[in-house]
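Take a look at the sequence and the structure first, and then we'll go through them together.

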Amino acid sequence: TGMFTFNPGYTASGSCVSAITYIDGGKGQLLYRGYKIEDLAANCTFIETCFLLLYGELPTASDLADFEERVKDEMLVHEKLKDFFKDFNPKAHPMAIMCSVIGALSSFYHEDLDIEDPKQRERVAIQMIAKFPTLAAFSSRTSMGLPMVYPRRDLSYTENFLHMMFSDPMDQEAVIEPVMTEALDKILLLHADHEQNASTSTVRIAGSSKANPFACISAGIASLWGPAHGGANQACIEMLQEIGEAENIPKYIEKAKNKNYPFRIMGFGHRVYKNFDPRATVMAKMCKKVVETMDSKNQEMLSIALELERIALENDYFISRKLYPNVDFYSGIVLQELSIPTNMFTVIFALARTIGWVCQWKEMMSEDTVKIGSPRQLYVVEKCKEFVAMNER
Ligand code: CMC
C-alpha cells in the first residue's frame with residue numbers, strides 16, 4: 001500500500017529529521033550542531049563536544065565544569081555488573097563483551113526508567129557516556145586477565161579512560177603523556193557523530209519501538225562491529241601489518257582492483273564523502289604528531305600508510321570511484337602508538353560514537369509521534385503455494 005521505492009542499503013532514503021550533524025559529502029564538510037569539525041578539533045575537548053551535541057550549544061566554562069562533574073558522578077557501575085565479566089570466554093573480543101555488558105545495563109535501569117520524561121532521557125545520555133569508558137576499560141582488562149581499575153575524580157574524561165586502561169591497582173599509576181590524551185581525545189571527538197550511518201540507524205530503529213535505551217545502544221555496538229563500519233580501524237592496521245614493506249603496496253592495490261577478490265583497501269572510501277573526509281585530514285596530522293613525539297615505533301607503519309595513500313590517489317581505479325582515505329586510515333596507527341590493544345580499536349570508536357547514538361535516540365524520542373522503523377521488502381518467490389503433506393514431499 002502507498003508509495004514503494006526499492007532502495008537497498010537505503011542510499012537514497014531519508015529516515016528522519018535531525019538537527020545534530022550535517023555532512024556535505026561533495027564538499028568534504030562535517031558540522032556538529034552547525035560548527036565545523038576542523039574548528040571543534042582545533043579548539044574543543046571531546047567532553048565539550050559531548051555537551052554541544054547533547055544541548056545544541058557550546059558550553060560556558062561553568063556549564064562545562066558542571067557537566068563534567070555530572071558525568072563523573074555516573075562513571076562507576078553497579079558492582080554486580082563486574083561479576084558479569086567473569087564468565088566470558090577468556091579470548092572474547094572486547095566488542096563481544098561490550099555488546100553484552102552495555103545491554104546488561106538495561107537490567108539495572110528499566111523498571112524506574114520513564115523514557116517519556118525528557119529529564120530522565122537526559123540522565124540516560126549522561127549515564128551512557130559516563131559508564132562506557134569504565135566498561136570499555138574493564139572489557140579490555142578482563143580479556144587480558146588483569147584486575148579492573150576504577151575511575152578517579154581528579155582526572156579528565158579522556159585521562160580517566162587511559163588511567164583505567166593502563167594503571168595498576170597495586171601501586172603503579174600509568175604515565176599518561178599529554179600527547180596521548182590529546183590524540184585519544186581527538187579520535188573521540190572526530191568519531192562522536194556522523195548522522196544516519198548503519199549503527200546510528202540501528203539505534204534509532206531499535207529505539208523506535210520504545211525499547212530500553214541501554215539495549216538500543218547495545219544494538220548499535222553490534223552494528224558498528226563489522227569491518228565495513230567501525231571494524232575498519234582494526235582491519236586497516238592489520239592490513240598495514242600484512243603489507244609489511246612499501247615494495248608490497250602495488251600488489252595490494254592490484255588485489256583491491258581485482259573483482260575476483262573480496263579484498264578492499266581498508267580505511268579507504270566512504271558512503272557519503274566523495275571528495276575527501278575532513279576527519280581524515282585532522283587525523284593524518286595528529287598521527288604524524290604522535291609518531292614524531294612518542295618513541296616512533298610506528299614510523300615504518302606510517303611511511304607505508306603514506307605511500308599507500310600516495311599510490312592509490314594516483315591510480316585511475318581509486319580516482320574514478322572517488323575513493324579517498326577515511327578517518328580510520330590513520331586512527332589505527334595513533335591507537336597503536338598509544339599502546340591500545342588492536343582488538344580495542346573498534347571499542348574506542350564505540351566509546352566515541354555513544355554520544356552520537358544517545359543524542360540521536362533522544363532527538364527521536366522527543367518527537368510528538370515516534371514512528372516505528374520498519375522498511376519494506378521486495379518479495380521474490382511465488383505469492384502462495386499449495387501445502388504438500390510430509391509423506392508426499
Ligand atoms: N578498496 C577498493 N575498492 C573499493 C573500496 C576500497 N576500500 N571501497 C569501495 N570500493 C569500490 C567498490 O568495489 C565499488 O567498485 P565497483 O563500482 O567497480 O563495483 C565502488 O568502489 C563503490 O563501492 P561501494 O561498496 O558501492 O560503496 P559504498 O558507499 O557502499 O561503501 C564503504 C562505502 C566505506 C563501505 C566502502 O568504501 C568500504 O568498504 N571501505 C573499506 C572499509 C572502510 O574503510 N570502512 C570505514 C568507513 S569510515 C568509518 C565509518 O563511518 O564507519
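Where does Arg33 lie? Arg33 sits in the loop between strand S2 (29–32) and strand S3 (35–36). Helices (H or I, at least four residues) and strands (E, at least two) are DSSP runs, numbered from the N terminus.

A quick word on the ground rules. This is a predicted model, where local features need pLDDT of at least 70 and side-chain atom pairs count only at pLDDT 80 or more, while totals for chains, interfaces and linings use all residues. Residues are numbered from 1 along each chain as its sequence is written.

Back to the loops. Arg33 has a positive phi, near 50 degrees, though the residue is not a glycine. Lys210 also has a positive phi without being glycine, and its place is the loop between helix H9 (198–207) and helix H10 (213–224). Here are the two side by side:

| Residue | Phi | Other C-beta atoms within 10 Å |
|---|---|---|
| Arg33 | near 50 degrees | 19 |
| Lys210 | near 70 degrees | 13 |

Why is Lys210 called partly exposed? Because 13 C-beta neighbours lie inside 10 Å of Lys210; a residue is buried with 20 or more other C-beta atoms within 10 Å of its own, exposed with 12 or fewer, and partly exposed in between, with C-beta atoms placed from the backbone. Arg33 counts as partly exposed too. Across the protein, buried residues make up 44% of the 393 residues.

Now for the whole thing. The protein has 17 helices and 3 strands. Its radius of gyration (taken over C-alpha atoms) is 22 Å, close to the 21 Å from the globule rule (2.2 Å times the number of residues to the power 0.38), so the protein is as compact as a globular protein of that length.

An automatic or database domain assignment sets the domain bounds, giving domain 1 (16–226 + 342–365) and domain 2 (232–337). Their centres, taken over C-alpha atoms, are 26 Å apart. Each domain puts 22 residues into the contact, where two residues touch if their C-beta atoms, placed from the backbone, lie within 7 Å. On the domain 1 side, S2, helix H1 (37–43), helix H8 (178–190) and helix H17 (345–365) each give two or more residues, and H8 gives the most, with 5 residues.

Finally, the ligand: 20 residues surround it, and the closest are Ala232, Arg264, Phe268, Gly269 and Arg271. Here a residue counts as near if its C-beta atom, placed from the backbone, lies within 6 Å.
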